[in-house]
Every structure is written in structure tokens, then in C-alpha cells.
Amino acid sequence: MNYNKSDLEINPDVVILEIRAGTGGDEAGLFANDLYRMYSRYAEKSHWHKEEIKTLTAEFRGPNAYNLLKNESGVHRVQRIPTTESSGRIHTSTATVAVLPKIKKIDIEIKPDDLEWEFYRAGGHGGQNVNKVSTAVRLTHKPTRITIECQEERFQGKNRERALEMLRGKLFALMQEQQVKDISDLRSNQIGSAERSEKIRTYNFPQDRVTDHRINKNWHNIEGIMNGQIDKILETCSTI
């Protein structure tokens, strides 16, 4: 599978955001939810349309959405005292943020034999059709072990389409990151982990400070930031 930049057309107004808990146990899961809420509240404040794909994964549509969020990809670290910590000790946890483009035109051929499909019943809201029929989809790209899950659509076919769309976006993002032109050249050991040292940003609650380590810049008012007041951060980091 080869691609040329001339074959690509990215929709700048559509972005898929995927957040996963990293190291830190239960606190990492809470932080992942906090980040998802932060981006969701920013999107709501910006009058963007949000469409959930699965837990902590959503598609956002709004003016220049992809260009504003594309540099949010990476490991985000939090330092704070969990509510369950009786001794007042600061814990450090991480969550990973993946930002995927919506590609209008791309010559990326994914071999059917490289795909592993699983179908299961989705839980939660959605009505009887969602809960009683195996509409949810789990797609694994065997060469890279990338796994995509989609369960918000009411029909299996729609979830299959969305999963393939997300896979293409994730493969494209990885190929750009690793500067390769073929899927077979992707280095799976560099696809990323959530180790504490691999961070792009730290949210330090005791010091009321958010630090982006790529540009060594700080912002304060962490409570406002976690409630979606990230305009200045996104505008500054969009030029990285």
C-alpha cells in the first residue's frame, strides 16, 4: 500500500478523538474521562457537532476542527491527589489522546486478509436493537495490531464502515508520524505506549498549572481548562 500526498484530501472540519487510560490504575481512568469531558465541553462551547462512536471516542464537526486538535495527539500526564488518597500523597497518571483525520480521498488499500472482525452486543443506551442484536464491531488490523471498536450506530453495517474509516485515518496518521509510504514499513514497536516519560503535556493540580513540554509553555486556571477553556492552548499548539 503506497500513497502520495497528491492523493490525499483531509477534511479540516472533521476530527475523530480517541482517549484511553494509560498508567496509573483507576486514577488514569478518571483522568481519561476528564480529558474527554474537557474536549467535549470545548466543542460544545464552540458549537461543534459531536457524534459518539464508543466510550471516550467521538467525531467532532466544526470549523477547522482537525487543524485545531491535531497536535493534541500524545500522552497527557496528570499530577494530583486522588479523592481516595487519605494521606494526601500526589499521584501521577497518564492517558493517551489520538487525533484522527477524516480523509476525503486516499489511495490506501487494506488487504481483507489483514483484517480480523468481531461482532458483539452493544451495551448502554440505544434501544432494544442495540442491546439484543450483535451490532457492535471490533476490528483488528493484524499487521499492526491496531484495534478499533464501534458500537454507537444501530446497524452492524454502519459500524463496519465507521471502523474501516477510523482504521484508515489511524494508519495514515502513523505513516505520517513514522514518515513511511507503505503499511508494511510501519514499526509496530513505535505505535506508542502510555509510559509516564512519553508525555506532551502535564496537568499539575497542586500548582494550578498546565505545561506543554514541546514548547515549554505554561497556563494557569486548571479548573477552567478542565471545563473546556482550552482556546489559548489549542491556538498556541496548533502551530507546532
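1. Basis. The model is predicted, so that local features are taken only at pLDDT of at least 70 and side-chain atom pairs only at pLDDT 80 or more, while totals for chains, interfaces and linings use all residues. Residues are numbered from 1 along each chain as its sequence is written, and side-chain values use heavy atoms, with hydrogens and water left out.

2. Overall make-up. The protein chain has six helices and eleven strands, these being DSSP runs numbered from the N terminus (H or I of at least four residues for helices, E of at least two for strands). Of its 240 residues, 44% are buried, where buried means under 20% relative accessible area, exposed over 50% and partly exposed in between, with a 1.4 Å probe and protein chains only.

3. Contacts and surface. Among contacts in the protein chain with a separation of 6 or more, 60% are between residues 24 or more positions apart, a contact being heavy atoms within 4.5 Å. The accessible surface comes to about 12,400 Å², and carbon and sulfur atoms hold 43% of that area, as computed by the Shrake-Rupley method with a 1.4 Å probe.

4. Helix H4. The 23 residues of H4 (residues 156-178) should span 33 Å at 1.5 Å a residue, and the end C-alpha atoms are 33 Å apart, which agrees; the expected span is 1.5 Å times one less than the number of residues. Its buried residues include Met 166, Leu 167, Leu 171, Phe 172 and Leu 174, and also Arg 162 and Lys 170.

5. Two positive phi values. Leu 56, although not a glycine, has a positive phi of about 65 degrees; this residue is in the loop between strand S2 (49-54) and strand S3 (57-61), and counts as buried because its relative accessibility is 13%. Asn 216, also a residue other than glycine, has a positive phi near 55 degrees and lies in the loop between strand S10 (209-212) and strand S11 (217-220), where its relative accessible area of 67% makes it exposed.

6. His 213. The loop between S10 and S11 also holds His 213, which is partly exposed at a relative accessible area of 34%. Leaving aside residues up to four places away in sequence, His 213 touches Arg 77, Lys 199, Ile 200, Arg 201 and Thr 202.
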